[in-house]
Amino acid sequence: MAVDQLDTRILRLLLEQPRTSVREYARILGVARGTLQARLDRLERDGVITGAAPALSPAALGHPVLAFVHIEVTQGHLADVADGLAGVPEIIEAHSITGGGDLLARVAARDAAHLEDVVQQLNRLPGVVRTRTEVALRERVPHRLLPLVEAVGRAAAADRK
């Protein structure tokens, strides 16, 4: 899906001012509300915009320990283990990966003992061969998309020239 400069400006506003109304976005961008809504609908339909939920802090929810768990899976059981991970509330996200393991899970825990309990729960899932856990010490670059959106916008502008 091609993202043009207007799309990039829309995405930037959504990231910078997520609680603003569509009418206000249209006013800021100098476009008709219908044009903006049509763009938003297309960006959602094409999977560029994937949600509108607020960003939440696991630490503020009482889970300040962040860890990444590499999970090695018995061949042919990847989908089963992934389904099992979906049933563990402390798993924030999980991805199939290459390299040292088959899955990488991001885990939020209350403390080190709770993290150990979660990892032991993962080790008991049918199809899990072994796990390797890495605890995050400090966030150095927070989750962000604006620099990527801006790079896509610059590329779109360069393509138009």
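**View 1. Thr8 and its contacts.** Leaving aside residues up to four places away in sequence, Thr8 touches Val3, Val149, Val152 and Gly153, where contact means heavy atoms within 4.5 Å. Thr8 belongs to helix α1 (residues 5–16); helices (H or I, at least four residues) and strands (E, at least two) are DSSP runs, numbered from the N terminus. Thr8 counts as buried because its relative accessibility is 10%; buried means under 20% relative accessible area, exposed over 50%, and partly exposed in between (1.4 Å probe, protein chains only). A word on the model: it is predicted, so local features need pLDDT of at least 70 and side-chain atom pairs count only at pLDDT 80 or more, while totals for chains, interfaces and linings use all residues. Residues are numbered from 1 along each chain as its sequence is written, and side-chain values use heavy atoms, with hydrogens and water left out.

**View 2. A salt bridge between Arg12 and Glu150.** Here the closest N and O atoms of the two residues are 1.8 Å apart; a salt bridge is a side-chain nitrogen of Lys or Arg within 4 Å of a carboxyl oxygen of Asp or Glu. Arg12 sits in helix α1 and Glu150 in helix α6, so the pair ties together parts 138 residues apart in sequence. Both partners are partly exposed, Arg12 at 33% relative accessibility and Glu150 at 26%.

**View 3. Arg39 and Asp4.** The side chains of Arg39 and Asp4 meet in a salt bridge (2.8 Å, N to O). This pair links distant parts of the chain, with Arg39 in helix α3 (residues 33–45) and Asp4 in the segment before α1, 35 residues apart. Look for Asp7 and Arg42 too: together with Asp4 and Arg39 they are linked in a network of salt bridges.

**View 4. Arg130 meets Glu72.** Their side chains form a salt bridge (2.8 Å, N to O). Arg130 is in strand β4 and Glu72 in strand β1 (residues 65–73), 58 residues apart. Arg130 is partly exposed, with a relative accessible area of 47%, and Glu72 is partly exposed at 31%. Beyond residues up to four places away in sequence, Arg130 also touches His70, Ile71 and Asn123.

View 5. Strand β2 (residues 91–96) and strand β3 (residues 103–109) run antiparallel and are joined by five bridges; two strands pair if DSSP finds at least two bridges between them. Glu93 has Arg106 in β3 as its bridge partner. Six residues lie between the strands, and Gly99 in the turn has a positive phi of about 95°.
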